[in-house]
Amino acid sequence: MEFFWGLFISGLTRGSIYALIALGYTMVYGIIQLINFAHGEIYMLGAFTALIVATVLTMYGLTGPAVLIMASLIAVLYAGAYGFTVEKIAYKPLRQAPRLSPLISAVGMSIFLQNYVLLAQTSDFLPFPNLIPEMSWMKPLTGLMAPTEIIIILTTALIMILLTVFVKLTRMGRAMRAAAQDGNMAMLVGVNVNRVISHTFVIGSVLAAVGGVLIASHVGRINFFMGFLAGIKAFTAAVLGGIGSIPGAVLGGLILGWTESFAAGYIASDYEDVFAFVLLILILILKPAGIFGREEIKKP
Amino acid sequence: MHKLKQSLFISLWFVFLTFPLLVIRVDTLNKVVEWRWRNMWYVAAGAFVLSLAWRHFLEKSGRVMPQGFTVSEGKEEFLRWVRAHTQIRKGGMVLAAAFLLLSPFFLSTYHTNVMTTALIYIVLGLGLNIIVGLTGLLNLGYVAFYAVGAYCYALLNHHFGVGFWTALPLGVLAGSIAGVLLALPVVRLRGDYLAIVTLGFGEITRLILENWNEFSFGPSGISHISPPGFFGINLGVRANTSYIYFLMLGFCFFTIFMVRRLQDSRVGRAWIAIREDETASQAMGIDAARAKITAFAIGAGWAGAMGVVFAAKTTFINPASFNFIESAMILSIVVLGGIGSIGGIILAALLLILLPEYLRVFSDYRMLIFGSAMVVMMIFRPQGILPYVRRSYEFHLQNDPTGQVK
Amino acid sequence: MKPVMEVKQLEMNFGGLKALHGVDLRVAEGEIVAVIGPNGAGKTTLFNCLAGVYEPAAGDIFIHPPVGGTRRINGLKSHKIAELGLARTFQNIRLFPRMTVLENIMVGRHCRTRAGVVNALMRDKKTCQEEKEIVHHSYGLLEKIGLSEYVNELADNLPYGAQRRLEIARALATGPFLLLLDEPAAGMNPQETKELEVLVRRLRSEEGLAILLIEHDMKLVMSLCDRICVMDYGEKIAEGAPAEVRANPEVIRAYLGEDDHA
């Protein structure tokens, strides 16, 4: 029973991280029908930036939760900036181009960012300090899960709620939904679609960065290549839930997290990464629209 | 003035953006923070200059209303001039041929090996071109077929002592079968999904090879693979290297010959039609699903063949050589060379393989350059270095068509 | 006259919306028939059902090719239908932009030729012969349509009217017995429309084609067609010779509700 529970929590944790990253994919795809291949790298950049800031801060004497807060804020800020910049450079000029072009550009951007970090820092795995302090209210739960896991799950839940409120109730959120449904029409009624797109990228990047910081604290190390695998799996989650659907991304993330965790635990742990891909191929063959997606009827 | 101000602002933005990663380097083991202020100035200056250049070229290419295939005039003129002056062309070709045929004799073993690698990538690029360039299917996992061919030979050789020449057609077959298997579920998918699935397929292949130790010997790989036999004679290292080089040279020409034939055929036109507009191509009687599967099978078969050659050349393979970076490199070759363009792909492969070898300063930055080149090419020159020109037909007055290649 | 196509009680739904309901249509050999109606009447949906893009929810579509026999084509794939002899053009021009004009037409010939991958690689005598015929045939069509000056131009570079005619030539290359033209005169000036009318008549008289077209240009329709079929809200509300249809009160009512006329 304990084994099962351990896998359950572990699945919930990684599923939450996948969900955070998947949200970025799904929102961007909903608006400009592009798989942002570079999104996984934003996640990675968030983790790296947090590490650098945290290290500098501790070097100059800062300790405790202040480090976590400062590092996270700055990492998130930078991730948003990177997301914004990537869109402006690699995707905006190609909005009218045939579909293959922005896709290739995205792949190129992904490779660029990975190697940028590789060359700027190092190819080694860098140890990441556990920034999450053990707080008193966690005491009763410590038998069941680690403090980092608690924080990850709570943070993700909180973010879901905030995001849903944002999308449903704020002006920009409405604009984003409108642009996702019909970009041209949204423009005609006065929505500044360029601004909406930038916002989408920034929000998605922020979420990914949060995920990056959290998982880095949990796992304890980061590497320039961590965005690649996480990115593909998060995309799988987004497709599973129905690309373009926010609740879908969350659900997809959780399902993927649990699938991986339980499959690795009960079937074969070496092939952990394979499950995500197999799941992806299966969904795309059987129900490409995903759980919350709508079947598209093409009108030539 | 406004432009300069904008570029200044952009330059400041990039300094801000790259500050944590480029200026600061943390060494958590020794608790040292290194501040690399010089990088900051590089970024500032570079961003300033690049943003000016970027804006300039963006306007020039008319990207506000982007054209896919307008070609900058100067380059076109030059190419047309070269094509027209057949003397120069012939002269150039003779020189190139001489160089190619004689190089193993005056180059060292190491350099001959590099040339062979370049040739292998040319063929891989041409193979992927059939899937990506002609048919327009973005395959990010091409390396999987390469791996299938390599392991096919390695395992057959290891367990049953199968020789290179026997394994070659088997590698092609294995690659093609893998291609069909991947294509079957994937042909109905939209471009973006197809890209991700092929990526997944590539990764699955690598992961299986890495973990299924009983089958593939895992991360340690397979060694002592026999090099290609030369009528049963045992060649020394140097002679063997030259032998493989000439083998690949022949293979390369064979591939170019085959691809040219395919491009100019009913099948080739069907593929290009699918790339241009799948719905319209189906309305014109083309079975798109079948054609796509065929494209995959043929492209994959070629990768399978190259896998066999690779295994024979390096006599040792392991899963690490078949990762996404490889797929990305082959894709860059196709994209940078010019989708569909044989000459462009050859040029791109040579650049991408030989340049980092001979200009060592590049080799660290190789992937960085690939990545940025892909972005830049898509924006400014999507038709590639040497764009592909469709065939022209000449017609005499009596309506008696003769084809003439431009 | 012998029918080449019969549509019986065709139904098509999109989600809850009934796009087509109880539609009957007949096209006879050598006839030029128009399908007209206000926007959203279901005309293109009908075309898409005929051409194999959609599978109808109910009803039958039969074709009777000149070579003989009858075939029910509901739910067949587009390329199979093209092979059987139904060719179409598109409302928004769908040429192959980065292929030359001649090659666009050559692609149309795909379903009437056989050369496969092995043939392409071997370039045996039969294949070369076939290629020559494809080029010959395509160029012939090009001349017939009047676009031979553009033979090696990229399709993308053609003026609009020429692009529309090229699409027709490409459809002809498939060797159809029934041609479906989706708003062939859209965006054309009166001169071009007149030329189009002449072309369509020639296609009927010289090639023996039956032609079914969707059009909004009433002048063209009245002048060109043998029969007109009027649709509104997914149903056929009238059918007959141009003069009959023009006077039909149902038809007038359907159109008076519209703001724009062709």
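Into which domains is chain B divided? Chain B comprises domain 1 (2–60) and domain 2 (107–380), with bounds taken from an automatic or database domain assignment. The model is predicted: local features need pLDDT of at least 70, side-chain atom pairs count only at pLDDT 80 or more, and totals for chains, interfaces and linings use all residues. Residues are numbered from 1 along each chain as its sequence is written, and chains are lettered from A and ligands numbered from 1 in the order in which they are written.

**Figure 1. Overall organisation of chain B.** Chain B holds 17 helices and four strands; helices (H or I, at least four residues) and strands (E, at least two) are DSSP runs, numbered from the N terminus. The centres of domain 1 of chain B and domain 2 of chain B, taken over C-alpha atoms, are separated by 37 Å. Of the 406 residues in chain B, 43% are buried. A residue is buried if 20 or more other C-beta atoms lie within 10 Å of its own, exposed if 12 or fewer, and partly exposed in between, with C-beta atoms placed from the backbone. Among contacts in chain B with a separation of 6 or more, 76% are between residues 24 or more positions apart; two residues are in contact if their C-beta atoms, placed from the backbone, lie within 7 Å.

**Figure 2. The interface between chains A and B.** Here 46 residues of chain B are in contact with 52 residues of chain A. On the side of chain B that touches chain A, at least two residues each come from helix H1 (2–23), strand S1 (24–27), helix H8 (191–211), helix H14 (324–337) and helix H17 (366–380) of chain B. H8(B) supplies the largest share of that side, 12 residues. The side of chain B that touches chain A contains 31 nonpolar, nine polar and six charged residues. In this classification Ala, Val, Leu, Ile, Met, Phe, Trp, Tyr, Cys and Pro count as nonpolar, Asp, Glu, Lys and Arg as charged, and the others, Gly among them, as polar.

**Figure 3. The interface between chains B and C.** Contacts link 34 residues of chain C with 31 residues of chain B. Helix H2 (78–84), helix H3 (101–108), helix H4 (117–122) and helix H5 (125–145) of chain C each give two or more residues to the side of chain C that touches chain B. The largest share of this side, five residues, belongs to H3(C). By class, the side of chain C that touches chain B has 17 nonpolar, 10 polar and seven charged residues.

**Figure 4. The largest nonpolar core.** This core has 297 residues, and those with the most contacts inside it are A:Leu51, B:Val308 and C:Leu178. A nonpolar core is a set of buried Ala, Val, Leu, Ile, Met, Phe, Trp, Tyr and Cys residues joined through C-beta atoms within 7 Å. Helix H13 (residues 288–314) of chain B gives the most to the core, with 16 residues. Not counting residues up to four places away in sequence, A:Leu51 touches A:Leu126, A:Phe128, A:Ala216, A:Ile222 and B:Val26.

**Figure 5. The four-stranded sheet of chain C.** The strands of this open sheet follow the order S2-S1-S4-S5 (chain C), with antiparallel pairing; two strands pair if DSSP finds at least two bridges between them. Strand S2 (17–28) and strand S5 (71–72) of chain C stand at the edges with a single partner strand each, so one side of each is left without a neighbour in the sheet. Strand S1 (residues 3–14) of chain C is joined to S2(C) by eight bridges. In S2(C), C:Leu20 is the bridge partner of C:Met12, and C:Val23 is that of C:Leu10. S1(C) and S2(C) form a hairpin with two residues between them, and C:Gly15 in the turn has a positive phi of about 60 degrees.

Figure 6. Helix H1 (residues 43–51) of chain C lies across S1, S2 and strand S4 (58–63) of chain C, at about 65 degrees to S2(C). Axes are lines fitted to C-alpha atoms, for helices over the stretch in contact, and angles run from 0 to 180 degrees between N-to-C directions. Nine of the nine residues of H1(C) are buried, so the helix is largely enclosed by the rest of the structure. C:Gly52, with a positive phi near 90 degrees, follows H1(C). C:Tyr54 lies in the loop between H1 and S4 of chain C and counts as buried, with 23 C-beta neighbours inside 10 Å. Not counting residues up to four places away in sequence, C:Tyr54 touches C:Met12, C:Asn48 and C:Cys49.
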